Amino acid sequence: MDLHQLRLLRELGDRGSVAAVARAFYVTPSAVSQQLAALQRTSPVPLTRKQGRTLVLTDAGHALARAAVGVATAMAAAEHAVTQYVEDPAAPVSVAAFHSAGLAYFPALLQAMTADEAPVASCHDRDVAQEDFPALTADFDLVIAHRLEHTRPWPEAVQVLPLVREPLDIALAAHHRLAHQAHVSPEDLVGEHWISVHKGFPLDQALHLLGATTAHPVEITHRINEFFVTSAVVATGQAIALMPRYTTAAPAGAHIVLKPLTGLSLTRNIDVLARPEALHRTAARTVLTALQDIAGSPPDRTPPQTATEQ
């Protein structure tokens, strides 16, 4: 049964005529009659009858009208519950992020959510290929994702809220032949052995772009997604890597340096992805604002100060 049709049936019992119901709903009497006829087709017994020129309810119609009151009450309670959930400033908000973004943003986010009536932020790490980030919005309220600047935009089905545009620097061992330079060019890196992330992840695409720029394909020797592990391998001097400037700090004593790349712009966009309906929630918008504030002032982490050089 259609809820609107039940409401019209109830109103007919309360107001006494189709014309009165039509006036109350700002529709024609014919439109009301059509809706009541559609409701009648769902019932095995008559719901209305003619009393002179007026349409009135039968006993079955009165019974259904009384039931419609309960239905309307339940629907009002359901709508109120939804409104409370949407407007509740302290409701839980789930946030997923790739590893380096989680390391950079989760601690500050949790500290920002300690005030009274602040949302309960639930943090999850999800290190997935670039194309798989939008699908995570089905399971999490907010998804911190990254993509290379020159790649295909995120699909229109998700809301995209930019956080930061992050340069990618070259990570070198402190004793590497290029470590003394203020910056390095793509040509300086020809012939080097590289550490890349797994295929499909943004930084892997950046390395292929670097190789295309010099017409010398990069030689990928290792595939490691965790930057702490990458830092340790870089420190051996056996390979070099791309590292994000703001979200990834080398571990203390890593003996590596980060050098800016000239002659080629390699950057990634870090964005928050969400389904549009998620952003109607007050709590989700509060967490989003906190993330934007945290990311909006990245630390003054200019190479080569990002790592220990000894």
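Good morning. I begin with helix α2, whose buried residues are covered by elements that include α1 (3–15), α3 (29–40) and β2 (54–57). Please bear in mind throughout that this is a predicted model. Helix α2 spans residues 18–25, and its buried residues are V18, A20, V21, A22 and F25. As a general point, an α-helix has 3.6 residues a turn, so residues three or four places apart point the same way. After α2 comes Y26, which has a positive phi, near 60 degrees.

I turn now to strand β11, residues 267–274. How many of its eight residues are buried? The count is eight of eight, and the strand is accordingly described as mostly covered. T267, N269, D271 and L273 point one way from β11, while R268, I270, V272 and A274 point the other way. In general, the side chains of a regular strand alternate between the two faces of the sheet.

Which strands are joined to β11 by bridges? One is β5, residues 142–148, which runs antiparallel to β11 and is joined to it by six bridges. Within that pairing, L148 has R268 of β11 as its bridge partner. Another is β6, residues 159–173, also antiparallel to β11, with eight bridges between them. Here R165 has N269 of β11 as its bridge partner.

Finally, the surface. L3, V71 and M75 make a nonpolar patch of about 220 Å². M75 belongs to helix α4, residues 59–87. Thank you.

Conventions. Residues numbered from 1 in each chain as written. Predicted model: local features only at pLDDT ≥ 70, side-chain atom pairs only at ≥ 80, totals over all residues. Heavy atoms only, no water. Buried < 20%, exposed > 50% of the residue type's maximum accessible area, 1.4 Å probe, protein only. Helix = DSSP H or I, 4+ residues; strand = E, 2+ residues; numbered from the N terminus. Pairing = 2+ DSSP bridges. Patch = residues over 30% accessible without salt bridge, like charges linked within 9 Å, V, L, I, M, F, W, Y side chains within 5 Å. Areas by Shrake-Rupley, 256 points an atom, 1.4 Å probe, with all protein chains shown as cover. Salt bridge = Lys/Arg side-chain N within 4 Å of Asp/Glu carboxyl O. Contact = heavy atoms within 4.5 Å.
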